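Please look over the model shown below before reading the briefing that follows.

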Amino acid sequence: MTAPVALAPEPGAAAGPHVVVERPGLLTTVQDWPGRVGYWHVGVPPSGPMDDLSFRLGNRALGNSEAAAGLECTMAGPALRFAEPTWVCVTGAPVEVTVAGRLAPLWRPVLVPAGEVLDIGPIRGPGMRCYVLVSGGLRLPEYLGSTATFTLGGFGGLDGRALRAGDTLPMGAAVAEPIGAVPGGDQPVLTRRWELAVTEGPHGAPEFFTRDDIDTLLATSYEVHFNSDRTGVRLIGPKPRWARADGGEAGLHPSNIHDTAYSVGALDFTGDTPILLGPDGPSLGGFVCPVTVTAADLWKLGQLCPGDTVRFVPVRADRTASPRDLGPARRAGWPIVLSGGGDGDDGILRHAETADGTPVTYRRAGDDGILVEYGTMTLDLELRARVHALHQSLIGRRERGVTELTPGVRSLQLRVDPAVSSIAATLDLLTEVEQELPVAEDLVVPSRTVDLPLSWDDPATREAITRYMHGVRADAPWCPWNIEFIRRMNGLDTVADVFDTVFAAEYLVLGLGDVYLGAPLATPIDPRHRLITTKYNPARTWTPENAVGIGGAYLCIYGMEGPGGYQFVGRTTQVWNRRDESGTPWLLRFFDRIRWYPVSADELLDLRADFAAGRGELRTTPGEFRLADHRRFLTDQAASIDTFRERQSAAFAAERESWRRSGELGEQR
């Protein structure tokens, strides 16, 4: 047999070890593990391999670090030509693999001769994704500490996108020798009928769901919807009956809550639609999550196919497998989840009070997370002040076991490394820290005034509404014009009153990353400017980048294109600087105050072009937010605020009754 000949790289291609993409596959991206950690608080998801288990096992078989970058292939794989002899390992879902036209095994290192092609065909199933790991890993520039591709954000991997034919991927120096095949007992079992281990919480029964809702959830075999991806896996199943009539200030639907940090693997009810949040999912949102997939079982989300069924099995949080394990201890070789039942605590870890009697609820946020909530389910800037004090104190302590801190409106989520600190120990830490916090009325924080342009009722948002009506739902109460819906829900006389209210308000930034990439979650400081709406149900499938919307009592700027549910009022300039080299591309900060000034749609396009070219600058004025001053304002304006709220509540009730008569609320009580 004639020895294979290494082909010369194309001009401009990598001179060292590299691989050329001859066929990209359906959706092939560069990923590393554990992905982009540490930026959840500003709306940057971890990304990384959706099935981390198959990915890490392939790296280990080659002798690589488990973190080494490789390829994730969805539905169908690529054809790759290697410039030098290279050991590769293909893992994950069943797929036909050939090297130089000859069949090659999965789960075992295979040597690809120089100049030859590794060809990966369509995934046969069960399973959705396979992984291609190479000796030495792929070597691409990092963005915020990782090479993982986040296609929605347009960063990581190769130019933030899926692979294309002709792409060249540089590789690291090969390790000496592969370790060997992945043992059969370590390989995950893939199926069409999945069981997922889940922990209770953070938001379950009887506060948000009825007991029957939870019983139904655990007894149902949900079907995986075709409209699923790395952001989340949509499921088809029964609608909850709900324990509440509505979400109050958070929105008209009972799934609505004041925005809080999500967990990857949380079962998020966006209205009546359950979605398992994936590694490219949002970090912050205003929907309830009754259960959360355990960290060790998250790999299964990457292999769920449309038409597969999913059942949720409650487990004890202190008896879950460790995601660090790759062998039998991971329990991935079992087609079922063995469990004697869950914790039986509805996801509530502990109740407490602050020194002044404010209730504190410590909720379970997966088997590796805690959600600290202050007060009752109301919008109160004093509660956000308490969250800020706790957040800053924990940042200052630099506790090794705490890996992420993400504030919401009245909550703070902690992600915990179980190998360093247990959930029980972290709860004790939080109790200790709470006793040391200053009283909320003493809070004074930097608070810039940020002037931003707003193209009112922008054509891009109109297009999004039209797409929604054509592709999702034409009879929604908020269609065909979101601004008219906002007027009606708030009892205003004309849509001009909506305009005047929005432009008169100062919006205080309470969270970042809703939705994604530094997008602010903000509410007017003056309660008389707080327009209340509900969110789309079901959500939009497309939202233009930097659209501005209102959901519940909150305003957000969408950080990028993607799904969404807030009612549109217009569009603004970018809030994420893609040209930033300082490591902090988000432009807004907690407790900034946003003020709008009107511009035309054409003027906005010019401003956006300037910003994209690096010529745009934020218009900011330094200042402070003092909680004591805000308290005095509320006292002085109490009568006027009460009058506004009475009118708003009457309109809210009328809209809800209209929904009930039309069947919009379904079987909800």
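Does D451 count as buried or exposed, and at what relative accessibility? At 14% relative accessibility, D451 counts as buried, where buried means under 20% relative accessible area, exposed over 50% and partly exposed in between, with a 1.4 Å probe and protein chains only. This is a predicted model, in which local features need pLDDT of at least 70 and side-chain atom pairs count only at pLDDT 80 or more, while totals for chains, interfaces and linings use all residues. Residues are numbered from 1 along each chain as its sequence is written, and side-chain values use heavy atoms, with hydrogens and water left out.

**Salt bridges**

- A search of the whole structure finds 47 salt bridges, each being a side-chain nitrogen of Lys or Arg within 4 Å of a carboxyl oxygen of Asp or Glu.
- D451 and R595 meet through their side chains in a salt bridge of 3.0 Å, N to O.
- Because D451 lies in strand 27 and R595 in strand 35 (residues 593-599), the pair ties together parts that are 144 residues apart in sequence; strands (E, at least two residues) and helices (H or I, at least four) are DSSP runs, numbered from the N terminus.
- R595 is partly exposed, with a relative accessible area of 34%.
- The side chains of D280 and R230 form a salt bridge at 2.9 Å, N to O, linking the loop between strand 17 and strand 18 to the loop between strand 13 (222-224) and strand 14, 50 residues apart.
- Both D280 and R230 are buried.
- A network of salt bridges links R316, D318, D343, D345 and R364.

**Helix 6**

- Helix 6 (residues 482-490) is largely enclosed by the rest of the structure, because 7 of its 9 residues are buried.
- The buried residues of helix 6 are N482, I483, F485, I486, R487, M489 and N490.
- These buried residues pack against several elements, among them strand 27 (449-456), helix 5 (459-471) and helix 10 (638-662), with contact meaning heavy atoms within 4.5 Å.
- G491, whose phi is positive, near 70°, follows helix 6.

**Second largest pocket**

- The volume of the second largest pocket is about 810 Å³.
- Of the 41 residues lining the second largest pocket, T231, R234, P282, Y516 and P563 are the closest to its centre.
- Strand 18 gives the largest share of this lining, 4 residues.

Note on methods: On a 1 Å grid over the protein atoms alone, a cavity is a set of points where a 1.4 Å probe fits but cannot get out, and a pocket is an open set with protein on both sides within 12 Å along at least five of seven lines; lining residues have an atom within 4 Å of a point. Grid points are joined across faces, edges and corners, and a volume is the space filled by probe spheres set on the points.
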